[in-house]
Amino acid sequence: MSTSAAVAAPSSYELPVLARYWVGFSAIVWREIAKFLRQTERLISALVRPLLWLLVFAAGLHDLLGVSIIPPYRTYVQYQEYVLPGLIGIVVLFQCMQSALSMVYDREAGVMRVMLVTPLPRNFLLFSKISAATVLSVLQAYAFVLVARVLGFGFPGFGFVYILPAVILVGLMLGSIGLLVSVYTPKIENFAGMMNFVVFPMFFLSAALYPLWKLREAGAYAIWYLANANPFTYAVELIRFAAYGKIDWLSLGVVVGCTIVAFFLAARGYDPQAGAIRNVRRT
């Protein structure tokens with residue numbers, strides 16, 4: 001056998017494998033997008049929360065938290081501009097938690113058990129579900145950015161483009177955390193309470209709404225320590241720095257590290273037999 005034939009043989013063998021992975025990945029992503037397009041109220045609800053904070057709460061807090069000179073800012077900024085990265089983060093956070101709820105439903109209905117029958121590895125299928133949630137998060141985040149721009153609020157220059165890699169990484173991290181939460185939520189009726197227990201502490205104990213140095217300045221050291229231990233804080237800061245063409249390496253490391261750890265723990269503990277479908281007895 002010639003050398004060229006020997007080199008060409010592995011590529012011809014690997015192509016069907018890569019094709020199967022791509023077909024599986026794209027099918028899962030498009031399934032989630034199709035479900036989202038049939039539920040326009042999800043987009044509306046995703047925009048209402050951050051827009052209410054931007055237009056109502058921020059107007060009242062403008063004088064209290066109007067300016068901030070901290071990295072990545074080089075000058076004073078309005079509170080509405082400061083809070084934008086945090087509101088993008090909350091859009092991504094709620095979408096990832098809704099996707100985690102969908103995974104609990106799919107597990108109870110037996111959809112995940114059927115999906116895991118395919119020859120693709122379980123970890124890859126779970127990663128595809130997280131990626132689908134991330135794609136929807138990006139779509140909703142940019143819909144919010146567009147509406148905010150129409151209302152007169154936005155990032156300078158090409159900041160709306162620079163945030164794309166950061167939003168993707170944040171989506172993967174929050175999707176992994178949502179998957180981890182779904183692993184320890186065996187029934188769908190318990191997930192709403194668990195979601196609130198995760199979403200609201202992550203959002204309010206972070207740098208999404210105010211600089212953390214204000215907590216330390218006010219003497220709220222316990223809350224300051226909790227906010228610094230909150231991975232959502234670093235997710236918001238990653239988006240904030242990216243909007244101004246900068247990289248916060250600490251935030252990048254925390255986001256990537258939390259993604260890997262949360263996904264590993266979730267994939268290791270995921271049981272497709274959990275939930276109501278497990279209790280069904282064959283007659």
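**View 1. Salt bridges across the whole structure.** A search of the entire structure turns up four salt bridges, each defined as a side-chain nitrogen of Lys or Arg within 4 Å of a carboxyl oxygen of Asp or Glu. Please keep in mind that this is a predicted model, in which local features need pLDDT of at least 70 and side-chain atom pairs count only at pLDDT 80 or more, while totals for chains, interfaces and linings use all residues. Residues are numbered from 1 along each chain as its sequence is written, and side-chain values use heavy atoms, with hydrogens and water left out.

**View 2. E32 and its partners.** Here E32 forms a salt bridge with K129, with 2.9 Å between the closest N and O atoms. E32 lies in helix α1 (residues 3-37) and K129 in helix α5, so the pair ties together parts that are 97 residues apart in sequence. Helices (H or I, at least four residues) and strands (E, at least two) are DSSP runs, numbered from the N terminus. E32 also forms a salt bridge with R31, where the closest N and O atoms are 3.1 Å apart.

View 3. R240 and E237 meet through their side chains in a salt bridge of 3.0 Å, N to O. Both residues belong to helix α10 and sit three residues apart, about one turn of the helix. Elsewhere, salt bridges that share partners join R31, E32, K35 and K129 into one network.

**View 4. Q140 and its surroundings.** Q140 is found in helix α5, which covers residues 122-150. With a relative accessible area of 1%, Q140 is buried. Which residues is Q140 in contact with, leaving aside its neighbours within four places in sequence? They are F36, R42, L43, A46, L47, V91 and Q95, where contact means heavy atoms within 4.5 Å.

View 5. The buried residues of α11 are S251, V255, T259, A262, F263, A266 and A267. Seen down the axis of α11, these buried residues fall within an arc of 120°, so they line one face of the helix; the arc is that of the directions from the helix axis to the C-beta atoms. They pack against α5, α6 (159-183) and α10 (231-243). On the other side of α11, W249, L250, I260, F264 and R268 are exposed.

**View 6. A nonpolar surface patch.** I44, V48, L52, L55, V56, F57 and L151 make a nonpolar surface patch of about 620 Å². One of these residues, V56, is found in helix α2 (residues 40-61). Patches are made of residues with over 30% relative accessible area and no salt bridge; like charges are joined within 9 Å and nonpolar side chains (Val, Leu, Ile, Met, Phe, Trp, Tyr) within 5 Å. Areas come from the Shrake-Rupley method with a 1.4 Å probe, and for residues only the protein chains shown count as cover.

View 7. S182, in helix α6, counts as buried at 1% relative accessibility. The C-alpha atoms of S182 and S99 are separated by 9.7 Å, although the residues are 83 apart along the chain. N196, in helix α7 (residues 191-204), counts as partly exposed at 41% relative accessibility. N196 and M97 are 99 residues apart in sequence, with 9.5 Å from C-alpha to C-alpha.

**View 8. Stepping back to the whole fold.** The protein has 11 helices and zero strands. Of its 283 residues, 47% count as buried. Among contacts between residues at least 6 apart in sequence, 78% join residues at least 24 apart. The accessible surface comes to about 14,600 Å², with 70% of it belonging to carbon and sulfur atoms.

Notes
Buried < 20%, exposed > 50% of the residue type's maximum accessible area, 1.4 Å probe, protein only.
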